[in-house]
Amino acid sequence: GGVHVWTSAFQHTHDWTQIVRMKRSGGFLLLFVSPRQAHAIPLRVLTGPQETALTALARAHGGGAAAG
């Protein structure tokens, strides 16, 4: 499991342990896979419970330091 990212030319899955930090910024939930690289999920597509579950899932697997 983890974060699956895909385009028409590329796909990759980051294991939850590869998510080193999570941050809410500018209307996005940022999932960092390195200090300067993050995947951005628009907050408008997540309900409050979905965001909470996503954060809890990342933390439960050792990834994603505190969002905020």
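**Ground rules.** I'm working from a predicted model, where local features need pLDDT of at least 70, side-chain atom pairs count only at pLDDT 80 or more, and totals for chains, interfaces and linings use all residues. Residues are numbered from 1 along each chain as its sequence is written, and side-chain values use heavy atoms, with hydrogens and water left out.

**Sheet.** I looked up the strand order and got an open, antiparallel sheet of three strands, β3-β4-β5. Strands here are DSSP runs (E, at least two residues; helices are H or I, at least four), numbered from the N terminus, and two strands pair if DSSP finds at least two bridges between them. β3 (21–25) and β5 (37–42) are the edge strands with a single partner each, so one side of each has no neighbour in the sheet. I noted an average twist of 25° from one strand to the next.

Next I checked β4 (residues 28–34), which is joined to β5 by six bridges. Phe32 sits opposite Ala38 in β5.

**Helix.** I found α1 (residues 48–60) lying across β3, β4 and β5, at about 155° to β3. Contact means heavy atoms within 4.5 Å; axes are lines fitted to C-alpha atoms, for helices over the stretch in contact, with angles from 0 to 180 degrees between N-to-C directions.

**Salt bridge.** I searched for a Lys or Arg side-chain nitrogen within 4 Å of an Asp or Glu carboxyl oxygen and got one salt bridge. Glu51 meets Arg24 at 2.6 Å, N to O. Glu51 is in α1 and Arg24 in β3, so the pair ties together parts 27 residues apart in sequence.

Buried or exposed, I asked of Glu51? Glu51 is buried, at 15% relative accessible area, while Arg24 is partly exposed at 43%. My cut-offs were under 20% for buried, over 50% for exposed and partly exposed in between (1.4 Å probe, protein chains only).
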